[in-house]
Amino acid sequence: MIIVLFGKPGAGKGTQAPLLASELNVPTLATGDVLRAAVRAGTVLGVKAKTCMERGELVPDSVILGIIGEELSEPQYARGAILDGVVRTVPQAEGLQRMLAVSGRKVDAVLAFDIDNEEIVRRLSGRTVCERCQTPYTGREVGSVCERCGGGLVRRKDDEPDAVRTRLRVYDEQTAPVLDWYLQHGEPVTVIDAVGAVEDVTQRALRALGR
Ligand code: AP5
């Protein structure tokens, strides 16, 4: 089962991915998390990605397709994956389709989280994340402790107002067209109202998947 979580920055993809993964018993793959780990470790990938990420721009498709190809060939993804923020351009959608076809797989569902820009700015301006396990929080101060793993909470550089504006522009220009691509290619796209209690959004997503 391959499920694509799609939506603007701050729509709640990273919040919903582990909840859906635990309900559906398939692992998550989040390119943002892979890239942030590479930046922290100072690897070649991290050095390449750092400036783009801090500005709120996309990392080049070739880099992203390399990550997806490498990760999805790992045995843990044999049963499927919840893809969080993985597909952000039409070339990425095409590349993922080609990669999955090699192992006789395809995207089974695209869940498009719907939210307006005002709510996004509200969420991202109040977000902190665990520096260890990446769990996002709203309204918790930098330096608080993560409920899940005890790590410290930090603020993401790309949650600064200038970077958020860039991320929203990049979404409109490069990512929104991916939904049309999926619709044109007959993939099952469901729009989910992403506003409301986290558990209500999870239930909407599960219902869209027929659970
Ligand atoms: P990435 O980490 O994927 O960032 P993003 O898509 O911009 O998504 P966010 O993590 O900001 O938002 P989210 O939708 O996951 O929301 P969250 O659950 O955290 O990517 C970062 C960067 O890496 C990109 O800008 C790019 O440079 C690069 N990159 C990554 N993938 C790439 C790709 N495929 N191609 C090219 N470049 C790539 O929630 C946000 C906040 O809202 C949190 O505080 C949360 O607690 C809160 N919240 C969540 N749900 C609710 C709710 N229902 N009610 C109230 N608050 C809520």
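Reply: A nonpolar core is a set of buried Ala, Val, Leu, Ile, Met, Phe, Trp, Tyr and Cys residues joined through side-chain atoms within 4.5 Å; buried means under 20% relative accessible area, exposed over 50%, and partly exposed in between, with a 1.4 Å probe and protein chains only. The model is predicted, with local features requiring pLDDT of at least 70 and side-chain atom pairs pLDDT 80 or more, while totals for chains, interfaces and linings use all residues. Residues are numbered from 1 along each chain as its sequence is written, and side-chain values use heavy atoms, without hydrogens and water.

Me: Which residues have the most contacts inside the largest nonpolar core?

Reply: Val4, Leu72, Leu83, Leu96 and Tyr182 have the most contacts there, in a core of 31 residues. At least two residues each come from β1, α3 (44-55), α4 (61-72), β3 (81-84), α5 (90-102), β4 (109-114) and α7. These elements are DSSP runs numbered from the N terminus: helices are H or I with at least four residues, strands E with at least two.

Me: Which element supplies the largest share of this core?

Reply: That is α4, with 6 residues.

Me: What about Gly95: is it buried or exposed?

Reply: Gly95 belongs to helix α5 and counts as buried because its relative accessibility is 4%.

Me: Now the aromatics. How many aromatic pairs are there?

Reply: The structure holds 2 aromatic pairs (ring centres of Phe, Tyr or Trp, the last by its six-membered ring, within 6.5 Å; planes under 30 degrees apart are stacked, over 60 edge-to-face, the rest tilted). In one, the ring centres of Phe6 and Tyr171 are 6.1 Å apart and the planes stand at 55°, so this pair is tilted.

Me: Which parts does that pair tie together?

Reply: Phe6 sits in strand β1 (residues 2-7) and Tyr171 in helix α7 (residues 161-184), so the pair links parts 165 residues apart in sequence. Phe6 is buried, at 2% relative accessibility, and Tyr171 is buried as well, at 12%.

Me: And what is the geometry of Trp181 and Tyr182?

Reply: Their ring centres are 5.2 Å apart with the planes at 80°, so the pair is edge-to-face. Both Trp181 and Tyr182 are buried.

Me: On to the ligand. Which residues come nearest?

Reply: Among the 32 residues around the ligand (a heavy atom within 4 Å), Thr15, Glu57, Arg88, Arg127 and Arg167 come nearest. The shell divides into 12 nonpolar, 10 polar and 10 charged residues (Asp, Glu, Lys and Arg are charged; Ala, Val, Leu, Ile, Met, Phe, Trp, Tyr, Cys and Pro nonpolar; the others, Gly among them, polar).

Me: Which N or O atom of the protein lies 2.8 Å from an oxygen atom of the ligand?

Reply: One in the side chain of Thr138 does. A nitrogen atom of the ligand is 3.0 Å from a polar backbone atom of Val59, and a polar side-chain atom of Arg123 is 3.4 Å from a ligand nitrogen. Taken alone, the ligand exposes 1000 Å², and the protein buries 93% of that (Shrake-Rupley areas, 1.4 Å probe).

Me: Which element gives the most to the shell?

Reply: α2 does, with 4 residues. The elements giving two or more are α1 (13-24), α2 (31-41) and β6 (136-138).

Me: Back to Arg127: where is it placed?

Reply: Arg127 is in strand β5 (residues 127-130) and, at 12% relative accessibility, is buried. Its side chain makes a 2.8 Å polar contact with that of Asp159 (N or O atoms within 3.5 Å; within protein, one able to donate a hydrogen and the other to accept it, with sequence neighbours counted only if both atoms are side-chain atoms).
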